Amino acid sequence: MDGPADAAGRDERRGTAGRDEWRGWRVAAQEALYGPGGFYRRPEGPGGHFRTSVHASPLFARAVAGLLCRVDAVLGAPDVLDFVDMAAGRGELAAGVLAELPEEVAARTRACAVEVADRPAGLDPRIEWLAEPPRGITGLLFANEWLDNVPVDVAEVDAAGVPRLVEVRDDGAERLGDPVTGAAVRWLARWWPLPGEAGYRAEIGLPRDEAWEDVVAGVERGLAVAVDYWHTANARPPFGTLTGFRQGRETVPVPDGSCDITAHVALDAAALPGARLLPQRAALHSLGVIGARPPLSLASTNPVAYVRALANAGEAAELTAAGGLGDFGWLLQPVGIEIEDVLD
């Protein structure tokens, strides 16, 4: 049980009246993740609590750099090539991509990391640190595990068959609030229709659709990519996916700033005309990340190269594994180019 100091600490992180206030999950998560002292402002960063594809292997940054080079070629090698890393954490992906680019491409690349936290010490000085994504992007905007942290409201069907907003307190306790109304009702009807049986739940993804549309509008010409936990209309989870992560473990979501609060993304709802959806394993295979073991003969002719290739194969296998990172969804949104020109 928490003592007075624990409760006071939560109230300080939230900057609100205390733990007894009932709020919708969207408001509660927004404050817990991004408010003063929120989870994404903590000094250890997201990498201190969970492992993304970026942290799993430098092969991921290499693949994204390869995608940026393909976009660059399609755009005709512009004088300034933009790479925008949305929800950049501590800038790991932006730094990794710059390190993997050919010198000629890197010299023309303007790399921007978009994150609410302060710029970390020691970050490559070539990387601009921004609180909001830039506009007029010519190049690649890459959002790895961003949309799942755009807060959404949760709806649950009550005993009368009516979808109601789920309200939550600072300690994670829930209750049913008012019926879902307006644009949220229309979104549910179109993208996540709920049965009229008590207990069924859905996350109302409209704020994510709007957030994605807004960042894509900032791309003048090029490609926008969102990578995330996902589901589509033919396989919506009946009770939603809202959860928390703390220190590498999944946990009950508690909106007090102590844990990540996340829910899988309805990527098909966010997709704009011309988009393509595919699992990460297919996207990475197209970009040359394949978890095949090197030929055993290499061990005798070049042992160092064999060990290096074997390590790369293991990392590639993790990034593309079924039941793991390979199941992530990629939403590829071309702007002024053809998707077939950059990805097979």
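This is a predicted model: local features need pLDDT of at least 70, side-chain atom pairs count only at pLDDT 80 or more; totals for chains, interfaces and linings use all residues.
Student: What lies 2.7 Å from a polar atom of the side chain of arginine 119?

Tutor: That's the backbone oxygen of isoleucine 127.

Student: Is arginine 119 buried, partly exposed or exposed?

Tutor: Buried means under 20% relative accessible area and exposed means over 50%, with partly exposed in between. Arginine 119 comes out at 35%, so it is partly exposed.

Student: Which residues does arginine 119 touch, leaving out those up to four places away in sequence?

Tutor: Contact means heavy atoms within 4.5 Å. On that basis arginine 119 touches Asp124, Pro125, Ile127, Glu128 and Trp129.

Student: Now the nonpolar cores. Which residues have the most contacts inside the largest one?

Tutor: Phe142, Leu223 and Trp330 do, in a core of 45 residues. Helix H4 (residues 58-75) gives the most to this core, contributing 10 residues.

Student: What does leucine 223 touch, again skipping residues up to four places away in sequence?

Tutor: Its partners include Leu67 and Val71, Leu140 and Leu141, plus Ile337, Ile339 and Val342. There's also a second, separate core of 22 residues, with Ala143, Val216, Ala224 and Val265 among them.

Note on methods. Residues are numbered from 1 along each chain as its sequence is written. Side-chain values use heavy atoms; hydrogens and water are left out. Buried means under 20% relative accessible area, exposed over 50%, partly exposed in between (1.4 Å probe, protein chains only). A polar contact is a pair of N or O atoms within 3.5 Å; within protein, one must be able to donate a hydrogen and the other to accept it, and residues adjacent in sequence count only if both atoms are side-chain atoms. A nonpolar core is a set of buried Ala, Val, Leu, Ile, Met, Phe, Trp, Tyr and Cys residues joined through side-chain atoms within 4.5 Å. Helices (H or I, at least four residues) and strands (E, at least two) are DSSP runs, numbered from the N terminus.
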